[in-house]
Amino acid sequence: YQQVVGWFGREATAAGFPGIRGTVAMAPFDTLSDALRGTRGIIMDIYRQPDNVLKAVDMIADFCIENTVASANMMGAVNVTFPLHKGDDTFMSDAQFSAFYWPSLLKVIRGLVNEGLMVTLFAEGKYNNRLEQVRDVPPGWVVWHFDQTDMVRAKKALGETCCLAGNVPTSLMCTGTPEQVKEHCRKLIENCAPGGGYLLTGGASATDVKAKNLHAMFEAAVEFGKY
């Protein structure tokens, strides 16, 4: 698999098509919580030492910009993908997201865009409560890849400034029928494609997708994905 994907990536790059993932980076809060403090530790920190959390994520944001730009330059990448781990609706409140998660991530986004890098934000879980908060990004530079977010609401909130991607459920691809997959994809295209800026793709990765369902997804893109 890696050999085939690697070959395809090299051929596409040589032909002038940059990789969609590019290089990978982490939101400052995720770096602090995943790698340094742990989930239990960061939850306690938010309540016991919030000022130190804010100082830490701001410092990490500066390192993230510098290191990510260097990585992108080394790879010749034009896009940076962020898997957003702890920002979803169920992990923290809206107020906590506004205080601890989004400002440092937005700082990184703006820093990377200033260096000419596109940004893809893979919003794991649900971001229905975040849509109004995350609109303030550089127009035309950000792709929001949603896992389980309401795509009608996402299109309404973000469609003027961002590309949208995702929300073909992993569960549907693994256990549904080709007819169900095709119908779901049709509705996604119908809701998200007007005005441009939608990428039909899975909500998350899956290793046990039925081949017929994958073919149905491709067929839906060809049949309905026209302007």
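Which element supplies the largest share of the lining of the largest pocket? I opened the notebook with that, keeping in mind that the model is predicted.

**Entry 1, the sheet.** I found an open sheet of six strands, paired in parallel, in the order β1-β2-β3-β4-β5-β6. Its edge strands are β1 (23-24) and β6 (198-199), each of which pairs on one side only.

**Entry 2, inside the sheet.** I then checked β3 (residues 118-123) against β4 (residues 142-146) and noted five bridges in the parallel sense. Phe122 has His145 in β4 as its bridge partner. I also looked at helix α4 (residues 94-114), which lies across β2 (79-84), β3 and β4 and runs at about 170° to β2.

I read off a volume of about 1,500 Å³ for the largest pocket. Its lining has 40 residues, and Ile20, Arg21, His145, Thr201 and Gly202 lie nearest the centre. For the opening question, I noted α1, with five residues of the lining. At least two residues each come from α1 (2-14), β2, β3, β4, β5 (163-166) and α8 (211-224). By class I noted 27 nonpolar, 12 polar and one charged.

**Entry 4, the second largest pocket.** Here I found about 200 Å³ of space. The lining is Thr13, Pro18, Gly19, Arg21, Gly22, Met75, Gly76, Ala77 and Val78. I sorted these residues into four nonpolar, four polar and one charged.

Terms used. Residues numbered from 1 in each chain as written. Predicted model: local features only at pLDDT ≥ 70, side-chain atom pairs only at ≥ 80, totals over all residues. Heavy atoms only, no water. Pairing = 2+ DSSP bridges. Helix = DSSP H or I, 4+ residues; strand = E, 2+ residues; numbered from the N terminus. Contact = heavy atoms within 4.5 Å. Axes fitted to C-alpha atoms, helices over the stretch in contact; angles between N-to-C directions. 1 Å grid on protein atoms, 1.4 Å probe; cavity = no way out; pocket = protein on both sides within 12 Å on 5 of 7 lines; lining within 4 Å. Points joined across faces, edges and corners; volume = space filled by probe spheres on them. Nonpolar A, V, L, I, M, F, W, Y, C, P; charged D, E, K, R; others polar.
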